[in-house]
Amino acid sequence: MMGRLSEKVAIVTGGTSGLGAGISARFAAEGACVVVTGRNAERGEAVVAALREAGGEGCFVACDLGDEDSIQALMESTLSKYGRLTTLVTSGAATATNTGEREISITNLDNDILERSVSTNVYGLLWTFKHAIPHLVKAASPDQGVSTSIVTIATAGTRNGTPGMPSYWATKAPVEVMTRSLAREFGGAGVRVNCVSSGLILTESERGAITPEFERFVESINCVPYFGQPEDIAAACLYLCSDEARYVSGATLCVDGGASI
Ligand SMILES: NC(=O)c1ccc[n+]([C@@H]2O[C@H](COP(=O)([O-])OP(=O)(O)OC[C@H]3O[C@@H](n4cnc5c(N)ncnc54)[C@H](OP(=O)(O)O)[C@@H]3O)[C@@H](O)[C@H]2O)c1
């Protein structure tokens, strides 16, 4: 089924790679105008070129999540290009892979990685909410049952933790409680807020980073005998951002092959 997001204008943070690139492509294929963001213009423009080639609409807007002015400018560019904001997906993050934090014990905590993780995953996430929500409220019509929505991307691993990624776990764990808090605060104004809690997904960068031992570990805890792909996360985000989910808010949809049950 195509067109499940027609009339939507979506910002996808972290749209320049990995899960965000997959979400951007699927949203555009379903009729949304997609604002792909991140710092890397080359990768961002490539994501936009691909979604346009497939018949979708989108643009790249550079944005550094560690800089509040840059986030504010992202909202202004979106409004000036598409006139409104109906949908936000927060996939952008400093991850254990893109910071190189894999297998760094708390006893060797790297302060540069910690600062980058806090500034992107905590400050950046909260600033994104702060500057996007007024526009999402404006585009909603709760009296007519028309909602706008946010989907946050959390990490299923925060339920159990693993050794060796202290900055990542400490800065990704707040995502789920922020999702529920915002769902309570803005539901009455017509903004639904949900979370997709992702298990290990074989993005290009993850594929290069995981060791055979870690691969075997994930296989041993997954309920299904295969790894997730970016399309699996995109499909969950699509449902939550579509009008089919108009009565779903404050939910966390765990897409992890059953690893965390
Ligand atoms: N892949 C997995 O197995 C997995 C599992 C669980 C949860 N997740 C979550 O899924 C999300 C995406 O992860 P991924 O695997 O797709 O990682 P990724 O390929 O490294 O993508 C991370 C994205 O975040 C953006 N980003 C990082 N720092 C930024 C900053 N300061 N300002 C603006 N953008 C920034 C990057 O854009 P630029 O480089 O262009 O700035 C990139 O688009 C993250 O929230 C992660 O925690 C992933």
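Glu-7 sits in the segment before β1, with strands taken as DSSP E runs of at least two residues and helices as H or I runs of at least four, numbered from the N terminus. This is a predicted model, in which local features need pLDDT of at least 70 and side-chain atom pairs count only at pLDDT 80 or more, while totals for chains, interfaces and linings use all residues. Residues are numbered from 1 along each chain as its sequence is written, and side-chain values use heavy atoms, with hydrogens and water left out.

**Positive phi values**

- Glu-7 has a phi near 80°, a positive value in a residue other than glycine.
- Glu-7 is exposed, with a relative accessible area of 62%; exposed means over 50%, buried under 20%, and partly exposed in between (1.4 Å probe, protein chains only).
- Glu-103, in the loop between α4 and α5, also has a positive phi, near 60°.
- The relative accessible area of Glu-103 is 69%, so this residue counts as exposed.

**Helix α3**

- Helix α3 covers residues 68-82, and its 15 residues reach 21 Å from first C-alpha to last, close to the 21 Å expected at 1.5 Å a residue (the expected span is 1.5 Å times one less than the number of residues).
- Ser-70, Ile-71, Leu-74, Met-75, Thr-78 and Tyr-82 are the buried residues of α3.
- Those buried residues fall within an arc of 145° when seen down the axis of α3, so they line one face of the helix; the arc is that of the directions from the helix axis to the C-beta atoms.
- As background, an α-helix has 3.6 residues a turn, so residues three or four places apart point the same way.
- On the other side of α3, Asp-69, Glu-76 and Ser-80 are exposed.
- The packing partners of the buried residues of α3 are β1 (9-13), β2 (33-38), β3 (57-62) and α5 (111-139).
- At the start of α3, a side-chain oxygen of Asp-67 comes to within 3.0 Å of the backbone nitrogen of Asp-69.
- After α3 comes Gly-83, with a positive phi near 85°.

**Around the ligand**

- The ligand is surrounded by 30 residues, of which the closest are Thr-16, Arg-39, Tyr-168, Lys-172 and Ile-201 (a residue is near when one of its heavy atoms lies within 4 Å).
- A polar side-chain atom of Ser-17 lies 2.8 Å from a ligand oxygen atom.
- Taken alone the ligand exposes 880 Å², and the protein buries 94% of that (Shrake-Rupley areas with a 1.4 Å probe).
- Two or more residues of the shell come from each of α1 (18-29), β5 (148-155), α6 (166-172) and α8 (204-209).
- β5 gives the largest share of that shell, 3 residues.

- Ser-91 lies in the loop between β4 (87-90) and α4 (96-99), and counts as buried at 14% relative accessibility.
- Not counting residues up to four places away in sequence, Ser-91 touches Thr-13, Gly-14, Leu-19, Gly-20, Ile-23 and Ile-153 (contact means heavy atoms within 4.5 Å).
- Arg-52 belongs to helix α2 (residues 41-53) and counts as partly exposed at 41% relative accessibility.
- The side chain of Arg-52 reaches the backbone oxygen of Gly-58 at 2.6 Å.

Terms used. A polar contact is a pair of N or O atoms within 3.5 Å; within protein, one must be able to donate a hydrogen and the other to accept it, and residues adjacent in sequence count only if both atoms are side-chain atoms.
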